[in-house]
Number of protein chains: 2
Amino acid sequence: MSGFAKELMLRKDAIEYVSSALDFPWPLKSRFAHLDESLGKRSGKNRLSPLDYPPFSRSTRDGYALRSGDSAGASDALPVFLRVRGEIPMGVWSEAAIGEGECLLVHTGGMIPEGADAVVMVEDTVKAGNWVEVRKALQSGENLVFRGEEIVRGEKILGAGELLDYRNVGILATLGICSVELLDLKIGILSTGDEIVPAETPELPPGKIRDANAWFLEFLLSRHGFPSRRLEIVPDCRESLAESVMKNLEEADILILSGGSSVSVRDFCSEIMENLPSPGLLVRGVNMSPGKPLLMAGCLPDRRLVMGLPGHPLSCSIVAITVLLPLLYRLAGIEALPFRTVQARLASDVFGKAGVEEFIPAVDLNGEVLPMPGKSGYVSVLRDAKGLIRLTENEETRRKGETVEVLEW
Amino acid sequence: MSGFAKELMLRKDAIEYVSSALDFPWPLKSRFAHLDESLGKRSGKNRLSPLDYPPFSRSTRDGYALRSGDSAGASDALPVFLRVRGEIPMGVWSEAAIGEGECLLVHTGGMIPEGADAVVMVEDTVKAGNWVEVRKALQSGENLVFRGEEIVRGEKILGAGELLDYRNVGILATLGICSVELLDLKIGILSTGDEIVPAETPELPPGKIRDANAWFLEFLLSRHGFPSRRLEIVPDCRESLAESVMKNLEEADILILSGGSSVSVRDFCSEIMENLPSPGLLVRGVNMSPGKPLLMAGCLPDRRLVMGLPGHPLSCSIVAITVLLPLLYRLAGIEALPFRTVQARLASDVFGKAGVEEFIPAVDLNGEVLPMPGKSGYVSVLRDAKGLIRLTENEETRRKGETVEVLEW
C-alpha cells in the first residue's frame, strides 16, 4: 500500500547516492548585493583581497615607536634613554622617520614612522622633557602590525558558500568591500494536502490543520543561509500537483514538497518525480525513523532537486535537519556539517529497534541527555529539545548512563 | 595618562554591578510584526496559546482507529478480527463513531472517530473484505494524539525574550498566530575617531581606516536577535561627541560607542558618561585582556545603557562577546548564555599572566584547541577561530595537554 521498496537505503547512502547522481556540488549562481543585506546569507563566489592589509604599518598600543635594537637590555633597573622627536597624530599620513636613539609618540591604530620596528607601551616608560626612559627590551614587531602583515593582496577573504556574519564582515568592511556576490539558489516550498490551510486562517475549518511545516522549513533553511519562498498549498489531486510542480520547477532550483501525509499525495508525488527528466526519482523511502516516507528526485540537465518530505511535523523536521540540510550543503560545496555532533550520557533508557536508524528528540538534564516524551505528531518538540539522539541501525535500546551520539542545535 | 583606576573590576563583577545599578531586567517594549519578518528576532512578551491543540483527536499513522480494549492479546499467531465501518478521509470533520468490535480506516493527520482510543498501523493488519485482522495489541493513546494533548489553552508557547526561529515558528503557525509582538529595543552604534571613515570609502585617504567595528557589532547583535542601527562617525572632538551622544540617546535605549581608540576619544567618552544623569559612569576599565579600556554607563530614570568599547578590532570583538552580549541578555531577562562554554585540551602551550582574565582566540586542531597566532590589531582572527580560550585571573601559562575553558561559537 505505501509503495516503498522492502530494502530501504540507509540515510547516509541516500545522501551519497543523490549527491553523486545529481553531480554535486553544482556551479553556484550568484547575485550582487550590498553588504547591508548580506547578513546570514552565503557568498556565491570566492572573494580575494584587492590589497595588502594593513595599508601602512600601524601601532597596536599607545606608546613610543622605536628601533627595537635600541631597547636591547633595557629594564627598570637599567633603562635606555631615547630622544622624543615628536608625535604622529591619529588619522594622518606621516612621512616622519626616526633614526638611531630616537622615538616618536604614536597612538593605538596610528601610523608607525619610517625606521621604527617596535612600540614600547607608555606604561613601560618614564617621560622626562624631550627624553623618554625605556624600561623594557622590545622585539622587532612588538606592539605593531607591519604593512601587509595580516592580509596579502590576492588572499582569499571569503569562500564560495561561506556564511556572511560577524566573523567575516569586519574584514570586508576594512577592505572597503561593500558589494558582495551572494549565492543565488532559488528554493521553493510547496505545501500539499487537502487538510492543509494557510497559517493565516483565523478560524480553523473542521478537519483542517494550518501549514506549519512550510514555515518551519523556511525558517530552518534561512537560519542556515539558504533563503527560500513558501509557494502555494496544492490540493490532493494528481493534476493540480503535477501542474504546480512543473510550473514551479521553471523558477526553482530546489523544490520541496511538504505537508502531504496522505497515501494518495505520496503516491502522486512519487509518480510526478518518476516522470521528471533524467534521472527522475532517485530515492523512494529511507531506512530511518521517523522520516521513512521520504522521496528524492532530480533533473541533472537543468540542475533541479525535488524532495518530498513526510507530513508529520516531527518527521518533516528530522528529515529536513538530517537529509535536506546535508544535501544543500553538498550541493553548494560547503564542507562544514549543518549541525554539530557530540557524545553524551543518557539520563534514562532510550528505546530503539535494530535495523533502522532512529532520531529521538532529547532535552538537557544536568549535562546528560534525556529522551523526550512526546509523540511524532507533536509540533512543539523542537522548541524544548536541545538536539536529537541518534541510534544507528546497529543500535537497539541503550541504557541510562551509556554514551550516545547527539546532534545538537 | 589613560585615566583608569589601578584596581580594575573583574568582568563578571562589572556585569553584575551594571545589571544591578541599572535594575536589569528592564520591562520590555514591543511592537507588532507579521510572522514573516520575525525570523531571528526576539519576542517582547510571553505568548499564551489561545486554544487546545490538537483541536481534534488525530491519527499519527495510516491505519485503523479502534478501541484499544478490543485488541487485547492480539498477535500474529492470534489476530483479532474487527469490522471495518469505512474510512475517514483527510481534511474533513467527521461525526463518525465506532462501537465495540469495530474500526475505521484513518490517515496520518486525519481525525479519529468518536469511541476510538488507538490506531493500529496498516503494517500490523491484514485486510479481508469488510474485516481486518489486527495482529498487535495496542495501548490507549497509541498512534494518535488526543485533543488538547500537546498544548493546553493558556499554556506559554513563546517566552518574553525568546528568539523566533525554526524551533518555535511551527507552533505559532499551527495555532494561527501570524502577528507577533517583537522586542523593541533601540540599539545605536556610534563610531568615533578621526581615523575612521565609512566602509564605503573607495580610496582610503592617508592614515585612515575603514569602520569595521560598527559592521561587526551590527552583525553580531543581529545574529543574537538584537537588531541595531549604525549611526554616524563622530570626529575626535569633545563637543561633537557630546552632542552626538545626547542626540542619539533621545532615541536609543542602548548606545554603543565604537572605534575610537585614541586616548583623547576615550577621555571624552569617559567625561560624557560621567555627566549622564543618575547613575552615569559605572565602570571605567575592566580587568580583562584584551578589552581593558571598556567604559560602561547608564541612566536609570530613562533606562539607557551606554558602552564605550575599545577600538582594536579584536578587543572590540571580545568585549562585545563577553560583556556586551551578556549585558543585553540580562537587560532583556534572557536566562540562556549567549555562547556555549566547553572544556578542551590544549594542542600547545598558551601564555597567560596571573591577575588578569584573558581571552585568546583559538582554532580547532583534531578536537583540541590551538591558540591562534596573530596580534590584537588583526581584523581577520574571528573568521578562522572556533572560539576563545578563557584564562581566569588565577590562571597563568597553561601547558599542552591541559584542559582549558573555551567559549565556542
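Start by colouring domain 1 and domain 2 of chain A in this predicted model: their centres, taken over C-alpha atoms, are 31 Å apart. Domain 1 is made of residues 11-28 plus 185-331, and domain 2 of 32-51 plus 151-182.

Next, select residues 187-192 of chain A, which form strand β13. This strand belongs to an open, mixed sheet of six strands, ordered β16-β13-β17-β21-β20-β18 in chain A. Go to the edges: β16 (229-234) and β18 (279-284) of chain A each have a single partner strand, so one side of each lacks a neighbour in the sheet. From one strand to the next, the twist averages 20°.

Zoom in on the pairing of β13(A) with β16(A), which run parallel and are joined by four bridges. Here A:G188 lies opposite A:R229 of β16(A).

Now show α3 (213-223) of chain A. α3(A) packs on the sheet and touches β13, β16 and β17 (254-258) of chain A. The direction of α3(A) makes about 165° with that of β13(A).

Keep α3(A) selected and bring in chain B. The contact between the chains takes 66 residues from chain A and 66 residues from chain B. On the side of chain A, at least two residues each come from α2 (169-174), β15 (209-210), α3 (213-223) and α7 (381-384). The largest share, six residues, is that of α3(A). Colour this side of chain A by residue class to see 30 nonpolar, 21 polar and 15 charged residues.

Terms used
Residues numbered from 1 in each chain as written. Chains lettered and ligands numbered in written order. Predicted model: local features only at pLDDT ≥ 70, side-chain atom pairs only at ≥ 80, totals over all residues. Domains from an automatic or database assignment. Contact = placed C-beta atoms within 7 Å. Nonpolar A, V, L, I, M, F, W, Y, C, P; charged D, E, K, R; others polar. Pairing = 2+ DSSP bridges. Axes fitted to C-alpha atoms, helices over the stretch in contact; angles between N-to-C directions.
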